[in-house]
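Before reading the points below, please have the sequence and the model open side by side. The notes take up the ligand and its surroundings, and then the salt bridges.

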Amino acid sequence: MTNSFSPYNLPSEKKLAKHFNKIKNTKIKDLFEKDHRRFEKFSIKNGDLFTDYSKNLITEKTLELLLQFADQSGLKQAIEDMFCGEKINVTEQRAVLHTAARSVLTKENPITSDGEEITAGLRKIFEKMASFTKEITNGTRKGSTGKAFTHIINIGIGGSELGPKLLVSALKTFGNKNLKIKFISSPDPSHTKEILKQANPEATLFIIVSKSFTTKETLINYKAARKWLLNSGIKKKNLNKHFAAVSENKKEALNSGILPDYLFKTEKFINGRCGIWSGAGLCPCILLGADLFADFLSGAYEIDNSFRHSPFEKNLPVILGLIDIWHRNFFKTATWAIFPYEQALANLPFYVAQLCMESNGKSVNRQGEKINYASAPIVWGMPAPNAQHSCFQSLHQGTNLAPIDLLSPALAQNGEKNAEILAANHFAQAEVLMNGASDNEIYKTGASKNFIKQTAAHKTLRGNRPSISFIYKKLTPKLLGKLIATYEHRIFVQGILWNIFSFDQWGVEAGKRMADKILSALTEPKQDEKQKLNSSTAGLINIFKRFQSDEL
Ligand code: F6P
């Protein structure tokens with residue numbers, strides 16, 4: 001079957017298809033036999049972040065053709081266009097400049113977009129975050145009854161939660177130990193109530209994070225938070241001292257009662273799923289302090305420079321993005337899994353899932369034509385130690401070829417050398433996924449020859465399963481900045497190679513509108529009859545209502 005991967009109808013695409021047919025049955029482990037320098041050739045070191053991509057079915061010829069494809073796809077110019085503030089988010093007529101938020105603390109020349117200098121504005125947001133953080137930390141900015149804030153509750157959803165939550169969960173060991181930080185995103189009232197009851201209303205600051213300030217789930221929780229404060233005795237006129245907000249929609253935020261000096265801007269050219277680098281990073285900034293938040297930015301800035309200026313053959317996000325295409329569009333893999341061995345990175349898979357699936361989950365190319373090749377895979381993952389005891393069976397013996405990222409530290413965050421068990425499992429899994437295992441290696445002794453023969457096939461792991469290994473020295477704010485920026489740019493590379501727009505998300509709007517319609521059918525009498533709903537939906541509404549009224 002000819003490969004239909006043709007985003008640009010380039011000569012390199014045809015060569016790649018031919019090359020794939022030639023090597024697709026090669027054993028990865030044999031490539032190591034043939035070239036003892038394979039590990040050195042197929043790995044990249046960015047300071048304290050080391051990436052080994054040698055356990056993938058790629059040869060030097062594969063890389064040569066993939067790099068030709070990258071060159072011919074216009075990737076170099078696309079990278080420049082992003083950093084220089086071109087309106088690459090075409091369907092929303094916006095630039096994409098989360099990278100500018102990382103350079104605000106450097107001596108870089110100011111960045112302009114749409115004729116407007118934007119660096120000063122981004123620096124102002126950072127400085128406001130820094131002084132707000134200082135006032136919270138030193139107690140000069142308090143709750144309405146004079147108590148210092150000890151509880152911070154981030155209310156937001158999607159990128160307005162995933163980024164802040166990843167940073168807080170990954171870096172809390174570096175943060176202010178007096179602060180208890182919680183997150184509310186779902187409109188599930190039981191969950192919201194559960195979170196609120198753990199907090200002290202007088203000492204609680206809510207941060208409402210919503211770029212649009214129209215996201216229903218966030219507004220429902222904002223309202224619930226106000227009601228909780230009122231019911232806890234906070235006077236109505238003082239409520240606003242317990243709310244900060246992060247939004248592009250200044251008018252709605254102020255109209256909702258947010259005080260101007262509690263309002264932080266997030267710029268229109270910073271996409272929701274990349275909001276963490278500016279205003280949406282307020283919660284982690286308060287936890288860490290502005291200096292460590294600046295370290296986080298500096299890590300990303302380091303990767304930005306390397307992404308923008310390194311030759312593609314030694315450019316980590318480019319190499320990773322090319323390997324993703326090689327798996328997705330040639331091996332036809334359906335998913336991409338992220339397995340961190342360090343518990344502090346437990347939320348990384350969720351963050352990367354939004355980054356990839358909301359950016360590249362598209363089926364129309366930049367020319368508006370339906371694409372006939374695969375775009376974003378399904379992204380999943382979980383802490384690796386748990387995964388080994390749940391889904392790794394399928395990764396070892398299942399019918400799916402599933403590309404995975406394995407990540408582990410060399411040192412624990414407190415600097416202790418107790419990460420060996422994590423690394424041992426990481427390296428072991430990667431080794432066995434690649435080499436497989438024969439029955440006698442995993443067979444319990446004492447069984448009869450006949451039984452061993454009968455069950456051998458069930459106990460054999462065929463191997464030749466790929467993995468990319470990341471080892472980092474220690475999970476610090478700067479390292480996390482490097483890691484997240486690497487994933488961001490890797491996904492940017494995927495989007496260019498797939499010839500799709502990666503910075504809009506029109507696919508999420510219809511569901512929101514339909515939810516409003518159905519909510520009225522669920523809550524207003526006779527509405528369900530008026531609406532021309534599908535019989536399944538109408539039937540579900542009927543059962544739901546009858547369950548609620550105990551008729552069933
Ligand atoms: O519905 C998708 C989305 O717009 C995401 O892109 C975004 O991160 C999330 O919803 C929250 O949006 P907002 O920050 O505007 O509340």
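1. The model is a predicted one. With these names in hand, helix H8 (159–171) and helix H15 (348–360) can each be said to supply at least two residues of the shell around the ligand.

2. Which residues surround the ligand? The shell is made up of Ile157, Gly158, Gly159, Ser160, Ser210, Lys211, Ser212, Thr215, Gln354, Glu358, Val508 and Lys512. By residue type, the shell holds seven polar residues, three charged ones and two nonpolar ones.

3. Oxygen atoms of the ligand come up against N or O atoms in several side chains, and the distance is 2.5 Å for Thr215, 2.7 Å for Ser212 and 2.9 Å for Lys512. Of the 390 Å² of accessible area that the ligand has on its own, the protein covers 88%.

4. Where does the ligand sit? Its place is in the largest pocket.

5. Turning to the salt bridges, counted where a side-chain nitrogen of Lys or Arg lies within 4 Å of a carboxyl oxygen of Asp or Glu, the total comes to 25. One of them joins Arg94 to Glu248, with the closest N and O atoms 3.5 Å apart. Because Arg94 lies in the loop between helix H5 (75–83) and helix H6 (98–102), while Glu248 lies in the loop between strand E8 (243–247) and helix H11 (250–255), this pair ties together parts that are 154 residues apart in sequence.

Conventions. Residues are numbered from 1 along each chain as its sequence is written. This is a predicted model: local features need pLDDT of at least 70, side-chain atom pairs count only at pLDDT 80 or more; totals for chains, interfaces and linings use all residues. Side-chain values use heavy atoms; hydrogens and water are left out. A residue is near a molecule or strand if one of its heavy atoms lies within 4 Å of it. A polar contact is a pair of N or O atoms within 3.5 Å; within protein, one must be able to donate a hydrogen and the other to accept it, and residues adjacent in sequence count only if both atoms are side-chain atoms. Accessible areas come from the Shrake-Rupley method with a 1.4 Å probe; for residues, only the protein chains shown count as cover. On a 1 Å grid over the protein atoms alone, a cavity is a set of points where a 1.4 Å probe fits but cannot get out, and a pocket is an open set with protein on both sides within 12 Å along at least five of seven lines; lining residues have an atom within 4 Å of a point. A molecule sits in a cavity or pocket if more than half of its atoms lie within 2 Å of its grid points. Helices (H or I, at least four residues) and strands (E, at least two) are DSSP runs, numbered from the N terminus. Ala, Val, Leu, Ile, Met, Phe, Trp, Tyr, Cys and Pro count as nonpolar, Asp, Glu, Lys and Arg as charged, and the others, Gly among them, as polar.
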